[in-house]
Amino acid sequence: MKKFAAGLFLATGTLALAACGAGGDDTSSGTSEGGEGGGEPKELVVGASNVPHALILEEAKPLLEEKGIELEIETYQDYVLPNEDLESEEIDANYFQHIPYLETQMADHGYDFVNAGGIHIEPIGIYSNKHDSLEDLPDGATILMSNSVADHGRILSMLESQGLIKLDEGVDKTAAEVKDIVENPKNLEFDADYEASFLPQLYNQDEGDALLINSNYAIDAGLNPLEDAIALEDSESPYVNVIAVRSGDEENEEIQALVEVLRSKEIQDFIVEEWGGSVVPVDGE
């Protein structure tokens, strides 16, 4: 199996009251009275991608129950609906996106959201069924990648770090586009016409010379980023996955409890043991 020895580091929202989003009759935050304190638990609804986000939240459920919080998880297969539902108060928080994507979504759609806390990083990987290493990519190789513009800077920065291209020094690397490539010695061709969730299927169909696949979709499709990728994003990635909430809700006790639980040793250990470095917990961003 193909392996890439990346220097990954170990240790890479949020909940408002149900009343704040998914229904209820009080928009103010109070002390959770369920669990240890008695009374009815606070029901909180969080939208999440299936893997790894929803699995991490499932692991956090009993810890939140001890704090009087009943967690309901809504799963999504795309990167659009979780923010739309957060805006429309269908959910209280979401956990699926990294910081640059959240910032782009807020700028493009006028969302008044807040990053309530970073939880983990999912290193993006380069996959190929045709070539065993980046060095093996031929002249004019076709690179398939997500049509999410927010991911392009991340992808191109990774390719630059691997020596395949050079970006304009004056461009913000997180916002870089294909047009910002100033050196391309292998004359790589970039095809960015695909939904991110569809890329693992293209990989299995041997499409393209190489594909850049987000770890959550790779894992969901049965791929092991540490073993199947020919290259992985390094440990300096700024793409921390966060708990996002509507502005003001980040101060709610339930939200703070969620972030605290997700950053706890129990959950960090679970992430490390479950994914072995293909998902990396953070202890505070």
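The model is predicted; local features need pLDDT of at least 70, side-chain atom pairs count only at pLDDT 80 or more, and totals for chains, interfaces and linings use all residues. Residues are numbered from 1 along each chain as its sequence is written, and side-chain values use heavy atoms, with hydrogens and water left out.

Helices (H or I, at least four residues) and strands (E, at least two) are DSSP runs, numbered from the N terminus. Two strands pair if DSSP finds at least two bridges between them. Strands β4 (residues 113–121) and β12 (residues 240–246) are antiparallel and share seven bridges. Ile121 stands opposite Val240 of β12.

Axes are lines fitted to C-alpha atoms, for helices over the stretch in contact, and angles run from 0 to 180 degrees between N-to-C directions. Contact means heavy atoms within 4.5 Å.

Two packed helices are described by the angle between their axes and the distance between the axes. The axes of α1 and α8 (residues 253–262) come within 10 Å and cross at roughly 115 degrees. Helix α1 is therefore roughly perpendicular to α8 (65 to 115 degrees). From α1, Ile56, Leu57, Ala60, Leu63 and Leu64 meet Ala257, Leu258, Val261 and Leu262 of α8. By class, this contact has nine nonpolar residues, no polar and no charged ones. Ala, Val, Leu, Ile, Met, Phe, Trp, Tyr, Cys and Pro count as nonpolar, Asp, Glu, Lys and Arg as charged, and the others, Gly among them, as polar.

Helix α3 (residues 99–109) has buried residues at Pro100, Tyr101, Leu102 and Gln105. Buried means under 20% relative accessible area (1.4 Å probe, protein chains only). Their cover includes α2 (81–87), β3, β4, α4 (149–161) and β12. Gly110 follows α3 and has a positive phi, near 75 degrees.

Four bridges join β6 to β9 (residues 189–194) in parallel. Leu144 stands opposite Asp191 of β9. Strand β6 also pairs with β10 (residues 210–213), in the parallel sense, over two bridges. There, Ile143 stands opposite Ala210.

Conventions. Parallel < 35°, antiparallel > 145°, perpendicular 65-115°, else oblique. Buried < 20%, exposed > 50% of the residue type's maximum accessible area, 1.4 Å probe, protein only.
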